[in-house]
Amino acid sequence: SHKYVGRYEIPSVVYRCLEFLYKNHGIQEEGLFRLSGSSALIKSLQEQFDAEYDVDLFNYNRSIPESSKAASGVYIDVNTVSGLLKLYLRKLPHLLFGDEGYSSFKYIADEHHDDPSQIAYKFRDLIRSGCIPEPNLSLMYCLFELLLRIQDNQRFNKMNARNLCIVFSPTLNVPVTILQPLIIDFVCIFQGGEPIEQDRRQDLDVHIPQV
């Protein structure tokens with residue numbers, strides 16, 4: 001594992017994916033998490049992490065001669081790395097929130113479905129209660145911070161809250177009613193801020209039938 005922002009211990013594969021995306025300005029790239037990377041290369045990287053536990057993705061391409069990058073099939077790009085991260089999340093043996101934590105999040109989202117600010121406060125209380133295992137909480141923090149930052153750069157990447165929910169609801173196997181607040185109200189839930197203003201919320205509310 002690696003320590004993220006000096007506090008959260010997260011798996012090396014997640015840390016390396018975030019490092020690559022942030023340092024290469026990948027969160028501004030159009031098609032992020034929608035365009036597929038090389039499936040063969042993603043599988044190869046998965047096998048490398050399984051065997052070596054840590055692979056420096058940011059410097060990965062520097063070991064490949066410039067003349068052979070295009071033809072070698074081993075040059076990683078933003079879509080390859082985002083595909084690797086999605087693969088890891090899909091293969092988690094348990095729900096991201098922990099099995100008991102998921103039930104609590106779902107209850108809050110269902111109980112306060114007509115009051116998004118209250119959902120944000122209740123989610124924050126749940127996070128602070130200590131009932132979410134630390135490894136789960138660490139992974140949640142870094143993932144939803146990433147999704148918030150992607151949403152904040154939507155004029156470049158075209159990934160608004162709706163598109164993020166379309167991608168990550170099936171990836172994480174959680175309903176949009178839980179996913180949306182964790183992205184939109186990240187600052188309130190994880191950093192002790194306030195829910196976003198109601199006039200901004202109108203533009204961010206996600207309505208996706210049957211997702």
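Tutor: Let's begin with a term: a residue is called buried when its relative accessible area is under 20%, exposed when it is over 50%, and partly exposed in between. Keep in mind that this is a predicted model. Our part is helix α1, which spans residues 12-23.

Start with Glu19, whose relative accessible area is 14%, so Glu19 is buried. Glu19 forms a salt bridge with Arg16, and their closest N and O atoms are 3.1 Å apart. The two sit three residues apart in helix α1, which means that about one helical turn separates them. Arg16 is buried as well, with 13% relative accessibility.

Arg16 also forms a salt bridge with Asp56, where the closest N and O atoms are 3.9 Å apart. This pair ties together distant parts of the chain: Arg16 belongs to helix α1, while Asp56 lies 40 residues away in the loop between α2 (39-52) and α3 (69-72). Asp56 is partly exposed, at 30% relative accessibility.

Now look at how α1 packs against another helix. Its partner is helix α7 (residues 134-152), at an angle of about 20 degrees and with the axes 11 Å apart. That angle is under 35 degrees, so α1 is roughly parallel to α7. Their crossing is left-handed. On the α1 side the contact is made by Val14, Leu18, Leu21 and Tyr22, and on the α7 side by Leu139, Cys142, Glu145, Leu146 and Arg149. Of these contact residues, seven are nonpolar, two are charged and none is polar.

Note on methods: Residues are numbered from 1 along each chain as its sequence is written. This is a predicted model: local features need pLDDT of at least 70, side-chain atom pairs count only at pLDDT 80 or more; totals for chains, interfaces and linings use all residues. Side-chain values use heavy atoms; hydrogens and water are left out. Axes are lines fitted to C-alpha atoms, for helices over the stretch in contact, and angles run from 0 to 180 degrees between N-to-C directions. Helices (H or I, at least four residues) and strands (E, at least two) are DSSP runs, numbered from the N terminus. Angles under 35 degrees count as roughly parallel, over 145 as roughly antiparallel, 65 to 115 as roughly perpendicular and the rest as oblique. A crossing is left-handed if the near helix is turned anticlockwise from the far one by less than a right angle, and right-handed if clockwise. Contact means heavy atoms within 4.5 Å. Ala, Val, Leu, Ile, Met, Phe, Trp, Tyr, Cys and Pro count as nonpolar, Asp, Glu, Lys and Arg as charged, and the others, Gly among them, as polar. A salt bridge is a side-chain nitrogen of Lys or Arg within 4 Å of a carboxyl oxygen of Asp or Glu. Buried means under 20% relative accessible area, exposed over 50%, partly exposed in between (1.4 Å probe, protein chains only).
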